[in-house]
Amino acid sequence: MRRLGTALTAVVLAGAAVAATAVSATAAPAAGAAPAAAAACDTAGWGSALKSADADAHKPLTNIRTGQHDCFDRMVFEVPTAGGKPVGYRIGYVKELHQDGSGDLIKVGGGAILEIRVAAPSYDPGTGKATYPGKAGKPLPGVNLSGYRSFKDTRFAASFEGDTQIGLGVAKRLPFRVTQQKNQLIVDVAHS
């Protein structure tokens, strides 16, 4: 009986050593190895075609911010809504960005331009007071794109007739998706 216990202990310890070796071998990828992005970055169904939704009850735009993720870069528009109803938008690639109202050309850096129109003014319609401090032709206030993979430039174009227009310069024409969560309209642009 003692021999069987000793043999069983030896087998268990050997199995643990093999498992530890296998875990440590997969835990640290070799230097210069490409990440397994294809499996982790499922962007099937995103596409690069125009996306839009009709407006519903909402208030003026209050903020625009960006973030980096493993598979995409993200731009978030803060638009308070009545009861979480959807915010209207029209988002698509354009050859050039022309300011609403004037038609003036606004230069946007990057390999492609994603025009984003959000059905929310950047001012309070009752008072005319700015709710978001964007200036025509200038980068978005407080947005720093250093180190981003997809996003290359941002430009505030206009807030005209209840819509806010933004130019987003991206590396090239990349797939994107649009989602909404409570008071946020979210635009994700894939890295590839």
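Two strands pair if DSSP finds at least two bridges between them. Strands themselves are DSSP runs of E with at least two residues, helices are runs of H or I with at least four, and both are numbered from the N terminus. With that in hand, hello everyone, and let's start with one pair.

Strand S10 (residues 176-181) and strand S11 (residues 184-190) run antiparallel and are joined by six bridges. Within this pair, Val178 has Val187 in S11 as its bridge partner. S10 and S11 make a hairpin with two residues between them, and Lys182 in the turn has a positive phi of about 50 degrees.

A word on what we are looking at. This is a predicted model, in which local features need pLDDT of at least 70 and side-chain atom pairs count only at pLDDT 80 or more, while totals for chains, interfaces and linings use all residues. Residues are numbered from 1 along each chain as its sequence is written, and side-chain values use heavy atoms, with hydrogens and water left out.

How far does the predictor trust itself? pLDDT is its confidence in each residue, from 0 to 100. The average over the chain is 82, and 77% of the residues score at least 70. Please be careful with residues 1-38: pLDDT stays under 50 there, and the model has zero contacts beyond four places in sequence for them. By contact I mean heavy atoms within 4.5 Å.

Now the whole chain. What is in it? Of the 192 residues, 36% are buried, where buried means under 20% relative accessible area, exposed over 50%, and partly exposed in between, with a 1.4 Å probe and protein chains only. Take the contacts between residues at least 6 apart in sequence: 65% of them join residues at least 24 apart.

Which sheet do S10 and S11 belong to? An open sheet of four strands, in the order S2-S3-S11-S10, with antiparallel pairing. Its edge strands are strand S2 (63-68) and S10, and each pairs on one side only. From one strand to the next, the twist averages 20 degrees; the angles run from 0 to 180 degrees between N-to-C directions, with axes fitted to C-alpha atoms, for helices over the stretch in contact.

Inside it, seven bridges join strand S7 (residues 112-118) to strand S9 (residues 163-170), which run antiparallel. Leu114 has Leu168 in S9 as its bridge partner.

Last stop: Arg155, which sits in strand S8. What does its side chain reach? A polar atom of that side chain lies 3.1 Å from the backbone oxygen of Gly137, and a polar contact of 3.3 Å joins the side chains of Arg155 and Asp153. A polar contact is a pair of N or O atoms within 3.5 Å; within protein, one must be able to donate a hydrogen and the other to accept it, and residues adjacent in sequence count only if both atoms are side-chain atoms. Leaving out residues up to four places away in sequence, Arg155 touches several others, including Ile106, Pro139 and Gln165.

How values were computed:
pLDDT = per-residue confidence, 0-100.
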